[in-house]
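Let's take a walk through this one together. Have the viewer open and follow along.

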Amino acid sequence: MKHCLGSHVSVAGGLHLGVQRALEAGCDCLQIFTKNANAWAAKPLDPAAITAWREALQASGLKHPIAHTSYLINLGTPDETLFRKSIDALVIEWERAEALGLEGLVLHPGAYTTSDEESGVRRVVEGLIEAFSRTQPKLCRVLLENTAGQGTTLGRQLDQLGEMLDRARAAEPKCGAALGVCLDTCHAFAAGYPIHTDDGFRDFCQRIRDELPADSVRALHLNDSKKPLGSRVDRHEHIGRGELGLETFRRLLAHPQLGCLPGYLETEKGIDPESGRDWDQINLEALRSLDQSVV
Ligand SMILES: [Zn+2]
């Protein structure tokens, strides 16, 4: 099976430079931020920057371009001001993703803070529906990401993500069709799914089938975990060097459905002091070596 493996890359200096960085790292696919992830405001995208991005992407042969939304967005909040601000920010990000021809926009569902899970889920669905109706996307799906479940964060359990998608679809079928899921291996493990064992992985796959709408999983975040099973702490580790281990990624890539999805690294950048090589290159090689050993 030929897998599509890539990474989250920086677009410092210009969106088109993200394409160059992805190629240098040996990516087949890429994830970017279309704006500063730690700020609400963003200057509108310059048409020349959009063209430069589109041309670079087309020439590169890279597939499945996606973006990750700002960490500030919280659709699950009971705070009306933050809720309105989050919807506005999601609309802007969704419009940018459309303009750039991205097929996915990864979103953490949010945190219910001082309310409760049910109210949080209701808010997220309401926010998604409003953002959808204001954006009217043609291409880009918002992909809800499973979370490690730190604090009052929503989306730790697959059935909760499934519920959000089902409710959105029931209320507004077109919105439902513009949503999906991005599964993060580190988050699943930290949330308590023992995907590092044969049985645990099989059970996780069964839950994907039972608890998420068919074909809703569109992307994978491939990260090992620094923290143990069920820790609810989100700390990414290089592939094969954490609690998950290489075997977990071998199983995942060998899975007939999940193994066909584009997979993006979100591991630490930089140079490995031991080998003097780029970490993205090392992690992609680690994944691809598993690929070849699958019979
Ligand atoms: Zn992730």
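A nonpolar core here is a set of buried Ala, Val, Leu, Ile, Met, Phe, Trp, Tyr and Cys residues joined through side-chain atoms within 4.5 Å, and buried means under 20% relative accessible area (1.4 Å probe, protein chains only). Bear in mind that this is a predicted model, where local features need pLDDT of at least 70, side-chain atom pairs count only at pLDDT 80 or more, and totals for chains, interfaces and linings use all residues. Residues are numbered from 1 along each chain as its sequence is written, and side-chain values use heavy atoms, with hydrogens and water left out.

Start with the largest nonpolar core, which has 74 residues; Leu30, Trp53, Leu90, Trp94, Leu128, Val142 and Leu287 touch the most other members. Helix 3 (residues 80-99) supplies the largest share of this core, seven residues. There's also a second, separate core of eight residues, with Cys4, Ile66, Val106 and Ala219 among them.

Glu145 is buried at 0% relative accessible area, and Glu266 is buried at 17%.

How values were computed. Buried means under 20% relative accessible area, exposed over 50%, partly exposed in between (1.4 Å probe, protein chains only). Helices (H or I, at least four residues) and strands (E, at least two) are DSSP runs, numbered from the N terminus.
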